[in-house]
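Subject: Structure for your review

Dear colleague,

Please find below the structure that I am handing over to you.

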Amino acid sequence: MRDKQQTGPRIAIVGGGIGGMAAAAFLHRAGLSVTVHEQASALTEVGAGLVLAPNAVRPLRALGVAESALRRSVPLDWGWEFRRWQDGTVLSVERLDGVCERLYGERTYTAHRAHLLDALRSAVPDEAVRLGARCTAVEPHADGVRLAFSDGTRTDADLVIGADGMHSLVRRTVAEPEAPRFSGLCAFRTVVPAAAAPAFALRRAQTLWLGPGRHFVHYPISGGDGVNVVAFAPATDATEESWSATATVEEFHAEFADWDGRVTSLITSGSVPGRWALYDRPPLPSWTRGRMTLLGDAAHAMFPFYGQGAAQALEDAAVLARCLTANPGAPDEALSRYETERLPRTTRLQRASHSRAEDNHLPDGPEQRERDAALGDADPLLRSGWIYRYDASAAAG
Ligand SMILES: Cc1cc2nc3c(=O)[nH]c(=O)nc-3n(C[C@H](O)[C@H](O)[C@H](O)COP(=O)(O)OP(=O)(O)OC[C@H]3O[C@@H](n4cnc5c(N)ncnc54)[C@H](O)[C@@H]3O)c2cc1C
């Protein structure tokens, strides 16, 4: 899929989610020849929100798609507002209004996943996206990599980027095959219409309630028309891992029945909740092999407890394009440079997100009191500076 301006290696991206589409947009903008192979017959994202911190907004700005990705977004005045499960006591809060922009040059927003994907897609030409293309094999050979698809077709590429998510096929070729681990946790998700939501939940805040074995997150979305709710609770079965699997309001309520009334009222006012099993992967020691590399969840799937999975995919995409543009004649070196820049940061975030599961879910007692005191001790916005400050267009950090 080359046009006359496009040069350099032919790049195949497997997966057209947020990471794959962002990579395609950055690579296309750099004048490189790129094709996205997406298994779904249409590009869709679930109707859920996500938080875009300054480090996620920066790559969108660089691509020129921030405005459309952030349409009907909500700029947050308070970031992580930690509260106690029983009575809502505030344990710590990031004051973002005015401060976030001054410290990090961007605000933090809650956005719609579908708007983000649409905005990225708009920066990729139609002919560079193949839908209904489920990749079944990637085979490196002397001159590049051959990709095979479920409809029997094959194609050759000089470089392959595996942006095919948590269960990545490309990852199995690049690294030792290893199944993702079930975390013992499930996530519930629901959206509460603004008319049914308590005023408390419509504040421009990302509120996170901590309790024994569970935590509960909510923030306004869609210009304040609704409240996005995501909650985590123990689960014994690992059967469902789909965004579209559902539970009943009663099942969701039962997990949080003795929590503060503001939590339970959000549960009972919400739509039919989604419920899915949460998986985890340990950090990879390396994610590049020859002419193949990984990006986004395929490279570094992490627990969603820092709200950074999509942000890291966007950063990956920007850095990968920068490395390939700087070194188009030696793509193997460019991929290796990309990995060297990215792996330490994503590993740190994977580990931090993992340990937040234990911290967030401590039973009431001395350790929980120690955690709550520590949360109140440091300015949370400064504590997370290493996450928000990162500028993918400039240098490693
Ligand atoms: C509850 C929850 C809340 C979250 N909240 C946030 C948040 O607030 N902020 C944030 O930054 N992140 C958040 N995340 C993380 C974020 O959603 C993910 O990290 C991000 O979507 C990963 O994008 P990706 O493109 O790497 O993978 P995916 O979105 O999984 O996309 C992979 C794509 O590859 C395709 N594919 C797979 N296999 C093949 C194949 N063989 N051939 C062709 N195509 C294939 C799939 O169809 C899919 O389109 C959250 C995650 C969860 C679970």
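The notes that follow begin with the whole protein, move to the surroundings of the ligand, and end with the packing of helices.

Please bear in mind that this is a predicted model.

The protein as a whole

The secondary structure amounts to 15 helices and 19 strands. Along the principal axes, the C-alpha atoms occupy a box of roughly 65 × 45 × 40 Å.

The surroundings of the ligand

There are 33 residues around the ligand, and those that come nearest are Gly15, Gly17, Gly165, Gly296 and Gly309. By class, the shell consists of 17 nonpolar, 12 polar and 4 charged residues. Four elements each contribute at least two residues to this shell: helix H1 (18–29), strand E3 (49–52), helix H10 (297–300) and helix H11 (309–326). Which element supplies the largest share of the shell? That is H11, with 4 residues.

The packing around H11

Helix H11 also packs against other helices, and three of these pairs are described here. In general, two packed helices are described by the angle between their axes and by the distance between those axes.

The pair H1 and H11 may be taken to begin with. Their axes come within 8 Å and cross at roughly 30°. An angle under 35 degrees counts as roughly parallel, and H1 and H11 are therefore roughly parallel to each other. The crossing of H1 over H11 is right-handed. On the H1 side, the contact is formed by Ile18, Gly19, Ala22, Ala23, Phe26 and Leu27, while the residues they meet in H11 include Ala310, Leu314, Ala317 and Leu324. This contact of H1 with H11 comprises 13 nonpolar residues, 1 polar and 1 charged.

Next comes helix H2 (residues 54–63), which packs with H11 at an angle of about 40°, the axes being 8 Å apart. H2 and H11 are therefore oblique to each other. H2 passes H11 in a left-handed crossing. From H2, the residues Asn55, Ala56, Pro59, Leu60 and Ala62 take part; from H11, the partners are Ala310, Ala311, Leu314, Glu315, Ala317 and Ala318. The classes in the contact of H2 with H11 are 9 nonpolar, 1 polar and 1 charged.

The remaining pair is H11 with helix H12 (residues 331–360). Here the angle is about 155° and the axes lie 8 Å apart. Is this arrangement roughly parallel or roughly antiparallel? Angles over 145 degrees count as roughly antiparallel, which makes H11 roughly antiparallel to H12. H11 passes H12 in a right-handed crossing. Among the H11 residues in this contact are Gln312, Asp316, Val319 and Cys323, and H12 contributes residues including Pro331, Arg337, Tyr338, Glu341 and Arg342. The contact of H11 with H12 divides into 9 nonpolar, 2 polar and 4 charged residues.

Yours sincerely,

A colleague

Technical notes:
Residues are numbered from 1 along each chain as its sequence is written. This is a predicted model: local features need pLDDT of at least 70, side-chain atom pairs count only at pLDDT 80 or more; totals for chains, interfaces and linings use all residues. A residue is near a molecule or strand if its C-beta atom, placed from the backbone, lies within 6 Å of it. Ala, Val, Leu, Ile, Met, Phe, Trp, Tyr, Cys and Pro count as nonpolar, Asp, Glu, Lys and Arg as charged, and the others, Gly among them, as polar. Axes are lines fitted to C-alpha atoms, for helices over the stretch in contact, and angles run from 0 to 180 degrees between N-to-C directions. Angles under 35 degrees count as roughly parallel, over 145 as roughly antiparallel, 65 to 115 as roughly perpendicular and the rest as oblique. A crossing is left-handed if the near helix is turned anticlockwise from the far one by less than a right angle, and right-handed if clockwise. Two residues are in contact if their C-beta atoms, placed from the backbone, lie within 7 Å.
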